[in-house]
Amino acid sequence: EDLMEQGESFQVDFEEDENVHLRNQRVPLPLSKLVFGFANGWALDTGDKVVFMDPQSIQSAYHSLVDDDGKLQQPRGFMFWVIGEEGKNQVDFVPELNKILKIRPNNNDMRSLKDCTAANKTS
């Protein structure tokens, strides 16, 4: 089931684990508190062990989070790991995720972490 169809909650079957001592219940999971995490360029080198979502797919999924009134139901945000691998396999999530979320007003000013690090080493 889709999170929105479930009223922004998720069924957790706690009773399946006898050590938990809780009843099965729906746990609230408001989209406004959800942070999506993505593996950046390093994931392209792992075969099928990790799911890699390219920035275009992330953008498409993000824009599909529209309610019946046409209002975007925004998640809390995005994160990615590993920051030290930013730029690997030509995947730069810093500027690409900003294009989606529009946190920084001028995306032309966004540089990859690799560019920033190189500039700092030469100064």
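**Entry 1: ground rules.** Helices (H or I, at least four residues) and strands (E, at least two) are DSSP runs, and I number them from the N terminus. With that settled, I placed valine 82 in the loop between β4 and α2. What I have open is a predicted model, where local features need pLDDT of at least 70 and side-chain atom pairs count only at pLDDT 80 or more, while totals for chains, interfaces and linings use all residues. Residues are numbered from 1 along each chain as its sequence is written, and side-chain values use heavy atoms, with hydrogens and water left out.

**Entry 2: the overall fold.** I looked up the elements and got three helices and four strands in the protein chain. Along the sequence they run β-β-β-α-β-α-α. Next I checked burial (buried is under 20% relative accessible area, exposed over 50%, partly exposed in between, with a 1.4 Å probe and protein chains only). Of the 123 residues, 24% count as buried. Then contacts, meaning heavy atoms within 4.5 Å. Among contacts with a separation of 6 or more, 47% come from residues 24 or more positions apart.

**Entry 3: surface.** Areas here are Shrake-Rupley with a 1.4 Å probe, and for residues only the protein chains shown count as cover. The chain exposes about 9,000 Å², with carbon and sulfur atoms supplying 49% of it. I also looked for patches, which are built from residues with over 30% relative accessible area and no salt bridge; like charges are joined within 9 Å and nonpolar side chains (Val, Leu, Ile, Met, Phe, Trp, Tyr) within 5 Å. A salt bridge, for the record, is a side-chain nitrogen of Lys or Arg within 4 Å of a carboxyl oxygen of Asp or Glu. Val35, Met79, Trp81 and Val82 make a nonpolar patch of about 330 Å². Valine 82 is partly exposed at 40% relative accessibility.

**Entry 4: aromatics.** I paired rings of Phe, Tyr and Trp (its six-membered ring) when their centres lie within 6.5 Å; planes under 30 degrees apart are stacked, over 60 edge-to-face, and the rest tilted. That rule gives six aromatic pairs. Phenylalanine 52 and phenylalanine 93 have ring centres 6.4 Å apart and planes at 5 degrees, so I logged them as stacked. Phenylalanine 52 sits in the loop between β3 (35-39) and α1 (55-63) and phenylalanine 93 in helix α2 (residues 93-101), so this pair ties together parts 41 residues apart in sequence. Phenylalanine 52 is partly exposed at 23%, and phenylalanine 93 is buried at 0%.

Then I turned to tyrosine 62 and phenylalanine 78: centres 5.7 Å apart, planes at 70 degrees, so edge-to-face. This one links helix α1 (tyrosine 62) with strand β4, residues 77-81 (phenylalanine 78), 16 residues apart. Tyrosine 62 is buried at 4% relative accessible area, and phenylalanine 78 is buried too, at 17%. One aromatic cluster takes in Phe36, Phe38, Phe52, Tyr62, Phe78, Phe80 and Phe93.

**Entry 5: around α2.** Which residues of α2 are buried? I listed Phe93, Pro95, Leu97, Asn98 and Ile100. They pack against β3, α1 and β4.

I also followed the backbone of phenylalanine 93. Its nitrogen lies 2.7 Å from a polar side-chain atom of glutamate 86. For polar contacts I need N or O atoms within 3.5 Å; within protein, one must be able to donate a hydrogen and the other to accept it, and residues adjacent in sequence count only if both atoms are side-chain atoms. Glutamate 86 is in the loop between β4 and α2 and is buried, with a relative accessible area of 6%.
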